[in-house]
Amino acid sequence: MGATDMDIINTPESFQEQCWQWRGQGLRTALVPTMGFLHQGHLSLIRLAREKADRVMVSLFVNPTQFGPNEDLDAYPRDFERDCKLAAEAGADLLFAPAPETMYASDASTWVVVDGPSQGLCATTRPHPFSRRDHRGRQALHAGNAQSGRVRQKGLSAAGRHPPHGARPEHAH
């Protein structure tokens, strides 16, 4: 698939169906989960995934549950057209861009709690994003049944401050 061939999928069911189709063809898939407003860190992960997998999926989901009561979800930067262009140019085959209501059932009551990795980092001042970020990533990995995922090291600060988006070196895990 080339840069102009990137598919955009908006429902977990369609995403899962496409992933199972690729897996059924024996293709190796990789997922790069993001909240959009892509930057060089995201793009480097997409390019790394492209080297490692036959099909690269990028999730673009601004998770409303990741924002605390005094954090402005509406102010989070978004540029869907730009993100689509950058993801395709970096080698993504599919962009998964679900609406929040398709990701969370109205009666959802399960959360992933991340205790160890967040201790002493920016979780000291922002405890909720770690659990919800992990929950979102697991949801996307589960929906797509990806064989690998690419995430970046983010928020590592001994002072407990959250660094500017993309300020840390990128690492694949």
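This is a predicted model: local features need pLDDT of at least 70, side-chain atom pairs count only at pLDDT 80 or more; totals for chains, interfaces and linings use all residues.
In which helix does glutamine 18 lie? Glutamine 18 belongs to helix H1, which covers residues 12-24.

## Basis of the model

Residues are numbered from 1 along each chain as its sequence is written, and side-chain values use heavy atoms, with hydrogens and water left out.

## Overall organisation

The protein contains five helices and five strands, where helices (H or I, at least four residues) and strands (E, at least two) are DSSP runs numbered from the N terminus. Along the sequence these elements follow the pattern β-α-β-α-β-α-β-α-α-β.

Of the 173 residues, 47% count as buried, a term that means under 20% relative accessible area, with exposed meaning over 50% and partly exposed in between (1.4 Å probe, protein chains only). The accessible surface comes to about 9,000 Å², and carbon and sulfur atoms hold 52% of that surface; accessible areas come from the Shrake-Rupley method with a 1.4 Å probe, and for residues only the protein chains shown count as cover. Among contacts (heavy atoms within 4.5 Å) with a separation of 6 or more, 75% join residues 24 or more positions apart.

## Nonpolar cores

A nonpolar core is a set of buried Ala, Val, Leu, Ile, Met, Phe, Trp, Tyr and Cys residues joined through side-chain atoms within 4.5 Å. The largest such core has 20 residues, and within it Met6 and Ile46 touch the most other members. Strand S2 (29-34), helix H2 (40-52), strand S3 (55-60) and helix H3 (80-90) each give two or more residues to this core, with H3 giving the most, five residues.

Leaving out residues up to four places away in sequence, isoleucine 46 touches Val32, Val56, Val58, Ala87, Ala90, Gly91 and Ala92.

The buried residues of H3 are Asp83, Cys84, Leu86, Ala87, Ala88 and Ala90, and they pack against strand S1 (7-9), H2, S3 and strand S4 (94-96). Aspartate 83 counts as buried because its relative accessible area is 2%, and beyond residues up to four places away it touches Gly36, Phe37, Leu38 and Leu60. Glycine 91 follows H3 and has a positive phi, near 115°.

In helix H1, glutamine 18 also counts as buried, with a relative accessible area of 14%. Apart from neighbours within four places in sequence, glutamine 18 is in contact with Asp7, Ile9 and Leu94.

Valine 62 sits in the loop between S3 and H3 and is buried, at a relative accessible area of 12%. Setting aside neighbours within four places in sequence, valine 62 is in contact with Met35, Phe67, Leu73, Tyr76 and Arg78. Valine 62 and glycine 36 are 26 residues apart in sequence, and their C-alpha atoms are 6.9 Å apart.

The second largest pocket holds about 190 Å³ of space. Of its 16 lining residues, Leu60, Phe61, Val62, Arg78 and Pro98 are the closest to its centre. On a 1 Å grid over the protein atoms alone, a pocket is an open set of points, where a 1.4 Å probe fits, with protein on both sides within 12 Å along at least five of seven lines, and lining residues have an atom within 4 Å of a point. Grid points are joined across faces, edges and corners, and the volume is the space filled by probe spheres set on them.
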